[in-house]
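Colleague: Could you take me through this complex? I should like to begin with confidence and then turn to the architecture and the contacts.

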Amino acid sequence: MATESTGEAEVGLVFHPMDQFQVTPLFGADKVEWFTITNVTLWMGLTIATIVLILVFGARGRALVPTRSQSIAELAYGFIYKMVEDVTGKDGVVFFPYIMTLFMFILVANFLGLLPMAFTTTSHIAVTAVMAMAVFLAVTIIGFVKNGFGFLAVFWISSAPLILRPILALIEVISYFVRPVSHSIRLAGNMMAGHAVIKVFAAFAPLVLISTGIGIVVTPLSILAITAIYALEVLVAFIQAYVFAILTCVYLRDALHPHH
Amino acid sequence: MATQTQDTVTSAPGMPQLDFSTFSNQIFWLVLTLVVIYFVLSRIALPRISGALVERADTITHDLAEAEELKQRATEAEKAYEQSLTDARAEAQQINVAMRAEIQLQLDVELEKADLEISARTAEAGATLAEIRDSAVSSVKDVAKLTAKEIISAMGGKADAKTVMAAVTARMKG
């Protein structure tokens, strides 16, 4: 990566757009074991702390007329609760705490990742894949427990012409098993791409110190680009958390009501 | 940013996301984090928030019902007020008529009484007047008799009281 910078910029510009994603031990261990305290630990811990701050301390007052922090907690609660109820139906509401957990974790981790020098835990496929697989397995198990083999009706499109149904069933099966892949890569890819692009522009920003001629144009442009992409990333941080949560609800609805 | 040793280990694939040596670490901390968040949410945060929301909804419905009831009561009170106002008006009208009749009656009685009294007093006054006149006449007679007697005696005549008396009386009649 670093060797990509060639020509006259080679002197000073450093391109390490992917370094921000490195998992590094915090206390100088030279190898990352499963129990090692790393920057992953730090930023996940901060995620927990932020969630506690918003949903526990924020909602502490339980005032009849909510305070500002209480409003935020109630807004988040109402938003996800309504989404679960609307998408999965009344019987999906029992899964609300799980979906709320996923949503809050992804949302807060995404936003914390936007802080300068931060580590974005949700940009790692290992993290998102575990969550997506958990959703996939949970949905499959719930589907079979609630409906028995009737759950297989989810692959059998009864509204389609009979000849097409086997073909559609094959497509449905494939799409069903691809779900965890798309579910996880969508989130990790979005987070990674935006952060990497910001870093690339950040690498161009100090060009004015090296070559004033081009730098006078490139530096302001790259700073503007960083600002613009940062704004976009703020949007993406929320949207991806929302998308992950609503897809979870959609999959859950399939498990609860497999008949189309 | 990263240490040199780390660089040589991990920058081989170019993407730290594909460095499988860190997966177990991330997965371990992720699972721990999710479990902690789940317990914090399901045990503390969500019951608290939903409790506040339910409480608020209850209060609002209760207040609305109470407001509705109060409104109802206000309407009723207004109706009752209107009713009592018409009643009072009718009663006042009635009382007015009755009072007028009574007063008229009383007035008639009083007038009659007053008339009677006036005629009685008039009669009485007439009697008194007659009496006074009579006594005045007799007084004048007495004075005239005495005076006549005195005059006669003063002139040197000797007058019998009886004759003088008779003469005066006869004179006065004439």
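Colleague: What ipTM and pTM does the predictor give the complex?

Modeller: The ipTM is 0.88 and the pTM is 0.74.

Colleague: And what is the average pLDDT of chain A?

Modeller: Chain A averages 89, and 95% of its residues score at least 70. Among its elements, helix 3 of chain A has the highest confidence, with a mean of 96, while helix 6 of chain A, residues 207-210, has the lowest, with a mean of 85. Residues 1-10 of chain A have a pLDDT below 50. That stretch still makes 15 contacts in the model beyond near neighbours in sequence.

Colleague: Which helix of chain B has the lowest confidence, and which the highest?

Modeller: Helix 1 of chain B, residues 4-10, is lowest at a mean of 41, and helix 2 of chain B is highest at 92. The average pLDDT for chain B is 86, with 91% of the residues at 70 or above. Residues 1-12 of chain B fall below 50, and this stretch has 13 contacts beyond near neighbours in sequence. Where pLDDT is low, the predicted coordinates should not be read in detail.

Colleague: Turning to the fold, how many helices and strands are there in chain A?

Modeller: Chain A has seven helices and zero strands. Its C-alpha atoms fill a box of roughly 70 × 55 × 40 Å along the principal axes. Of the 260 residues in chain A, 35% are buried. Taking contacts in chain A between residues at least 6 apart in sequence, 64% join residues at least 24 apart.

Colleague: How many residues are in the largest nonpolar core?

Modeller: The largest nonpolar core has 58 residues, and Ile99(A), Phe103(A) and Ile106(A) have the most contacts inside it. At least two residues of this core come from each of helices 1, 2, 3, 4, 5 and 7 of chain A and from helix 2 of chain B. Helix 3 of chain A supplies the largest share, 12 residues.

Colleague: Which residues does Ile99(A) touch?

Modeller: Leaving aside residues up to four places away in sequence, Ile99(A) touches Ile80(A), Val84(A), Ala245(A), Thr248(A) and Cys249(A). There is also a second, separate core of five residues, including Leu13(A) and Phe204(A).

Colleague: On to the interface: how many residues of each chain are in contact?

Modeller: The interface brings 43 residues of chain A into contact with 38 residues of chain B. On the chain A side, helices 1 to 5 each supply at least two residues, and helix 1 of chain A gives the most, with nine. By class, the chain A side divides into 29 nonpolar, nine polar and five charged residues.

Colleague: At what angle do helix 1 of chain A and helix 2 of chain B pack?

Modeller: The angle is about 5°, with the axes 10 Å apart. An angle under 35 degrees counts as roughly parallel, and the two helices are therefore roughly parallel to each other. From helix 1 of chain A, the residues in this contact include Met44(A), Ile48(A) and Leu55(A); from helix 2 of chain B, they include Trp29(B), Val36(B) and Ile44(B). In total, this helix pair's contact has 16 nonpolar, five polar and no charged residues.

Colleague: What is the phi of Met117(A)?

Modeller: Met117(A) has a positive phi of about 70° although it is not a glycine. Most residues other than glycine have a negative phi. Met117(A) lies in the loop between helix 3 and helix 4 of chain A.

Colleague: Does Met117(A) count as buried or exposed?

Modeller: Met117(A) counts as exposed because it has 6 C-beta neighbours inside 10 Å, and the cut-off for exposed is 12 or fewer.

Colleague: Finally, which residues does Ala144(B) touch?

Modeller: Ala144(B) touches Val168(B) and Met172(B), not counting residues up to four places away in sequence. Ala144(B) lies in helix 2 of chain B and counts as partly exposed, with 16 C-beta neighbours inside 10 Å. The C-alpha atoms of Ala144(B) and Ala45(B) are separated by 137 Å, and the two residues are 99 residues apart along the chain.

Definitions and conventions
Residues are numbered from 1 along each chain as its sequence is written. Chains are lettered from A and ligands numbered from 1 in the order in which they are written. This is a predicted model: local features need pLDDT of at least 70, side-chain atom pairs count only at pLDDT 80 or more; totals for chains, interfaces and linings use all residues. Axes are lines fitted to C-alpha atoms, for helices over the stretch in contact, and angles run from 0 to 180 degrees between N-to-C directions. Helices (H or I, at least four residues) and strands (E, at least two) are DSSP runs, numbered from the N terminus. Angles under 35 degrees count as roughly parallel, over 145 as roughly antiparallel, 65 to 115 as roughly perpendicular and the rest as oblique. Two residues are in contact if their C-beta atoms, placed from the backbone, lie within 7 Å. Ala, Val, Leu, Ile, Met, Phe, Trp, Tyr, Cys and Pro count as nonpolar, Asp, Glu, Lys and Arg as charged, and the others, Gly among them, as polar. A nonpolar core is a set of buried Ala, Val, Leu, Ile, Met, Phe, Trp, Tyr and Cys residues joined through C-beta atoms within 7 Å. A residue is buried if 20 or more other C-beta atoms lie within 10 Å of its own, exposed if 12 or fewer, and partly exposed in between; C-beta atoms are placed from the backbone. pLDDT is the predictor's confidence in each residue, from 0 to 100.
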